[in-house]
Amino acid sequence: MTSELTVGTGAGLDTADMVLNIGPQHPSTHGVLRLKLVLDGERVLSAEPIIGYMHRGAEKLFEVRDYRQIIMLANRHDWLSAFCNELGVVLAVERLMGIEVPDRAVWLRTALAELNRVLNHLMFLGSYPLEIGAITPVFYAFRERETIQAVMEEASGGRMHYMYNRVGGLKEEVPAGWTTRARAAIDQVRRRMPDLDNLIRRNEIFLARTVGVGVLSAADAAAYGASGPVARASGLDFDLRRDEPYLAYGSLTVPVVTRTTGDCHARFEVLLDQVYASLDLAQTCLDEVDKLTGPVNVRLPKVVKAPEGHTYAWTENPLGINGYYLVSRGEKTPWRLKLRTASYSNVQALSKLLPGTLVPDLIAILGSMFFVVGDVDK
């Protein structure tokens, strides 16, 4: 006598749940992430994100690098937010050393941080629709990225890893006429953004794939430590730039973009509207830079040593809150520098979001969490 086992067809038959591994090598997983799914037919019963495949031990490397070298390493864990990553490290070191950064450097840092935020968001605004079948938006998004990237490259010399922050300020003064060219680039991007916006925001196919899909409640977002656009799309009205200002944000009116539905479309819209807000903030900062003269850094000793003690600096990175816990024993290397990265916390929420959804919605939800795997596996 032979026995038959029907796997995952549903419809009232006796079925067995199927365990499916997506990744760790798969084009739809934003890098080397693995999802261990338990499926009943097309429906996800449980999901476990398995991380660590790209782990490069950044925090251990920090312990044997001096404060100047750490900037280069921290630059890379979220490769779409390099300037903002550098910023968190130097803010922590400056706080511990009691360094006051010149005003011109503070405003320039703020402008560049907002331009970096625009670059980060444009990447996701192009790649997310691509993942669910829309090819054209990525061309518009990259056109705008290239315009901003040219400005960042002119100032820092780098296209992706800028290495422009230094303990005490910036590497060097921006080139003559740079602020004028940066403002022109911002105007150009602002003028052309509707090309991308009108194409995708109200596209009925895109709406069908994203509205009501992957709903993350405000309570769940808070419980998982989600932050940034992912949390604000669920109604968590929290932004460090407004609520605990650093750099020049205390002198700015920071518009915080929020939604309440918490679905894939809300997360996409928050990112889209944040681009407009960040372009305006960057322009305001550049106007302020033009009014200021003076140095963009302070003179430091040949060997930078932070005094014994500890401090915590946190920043509103493009993907959420980044925290930097620095412990020093008075040497030229930190005793410990612990990173709290936005993507690491945001990815945890997948175990809550995916159960109950269908396999075709899985990629739409995964892409809408806007994470960088290097930021998870720092």
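Predicted model: local features only at pLDDT ≥ 70, side-chain atom pairs only at ≥ 80, totals over all residues.
In soluble globular proteins, nonpolar side chains tend to be buried together. Here the largest nonpolar core has 112 residues, and those with the most contacts inside it are Leu37, Trp178 and Leu354. Helix α4, which covers residues 103-131, gives the most to this core, with 15 residues. Trp178, when its neighbours within four places in sequence are left aside, is in contact with Leu108, Leu112, Val151, Glu154, Ala155 and Leu286.

Strands of a sheet pair through backbone hydrogen bonds, either parallel or antiparallel.

**Strand β9 and its partners**

Strand β9 (residues 320-328) has eight of its nine residues buried, so it is largely enclosed by the rest of the structure. With β8 it forms a hairpin that has two residues between the strands, and Ala313 has Tyr324 in β9 as its bridge partner.

| Strand pair | Bridges | Direction |
|---|---|---|
| β4 (residues 34-40) and β5 | seven bridges | antiparallel |
| β8 (residues 309-317) and β9 | nine bridges | antiparallel |
| β9 and β10 (residues 336-340) | five bridges | antiparallel |

**A buried histidine**

His77 lies in the loop between α2 (67-74) and α3 (82-97). Because its relative accessibility is 2%, and buried means under 20%, His77 counts as buried. The side chain of His77 makes a polar contact with the side chain of Asp375 at 2.6 Å, and the side chain of His77 also reaches the backbone oxygen of Ala74 at 3.4 Å. Leaving aside neighbours within four places in sequence, the residues in contact with His77 include Arg56, Asn85, Asn322, Tyr324, Leu339, Thr341 and Asp375. Tyr324, one of these contacts of His77, is also the residue in β9 that is bridged to Ala313.

Conventions: Residues numbered from 1 in each chain as written. Heavy atoms only, no water. Core = buried A, V, L, I, M, F, W, Y, C linked by side-chain atoms within 4.5 Å. Buried < 20%, exposed > 50% of the residue type's maximum accessible area, 1.4 Å probe, protein only. Helix = DSSP H or I, 4+ residues; strand = E, 2+ residues; numbered from the N terminus. Contact = heavy atoms within 4.5 Å. Polar contact = N/O pair within 3.5 Å; in protein donor to acceptor, adjacent residues only side chain to side chain. Pairing = 2+ DSSP bridges.
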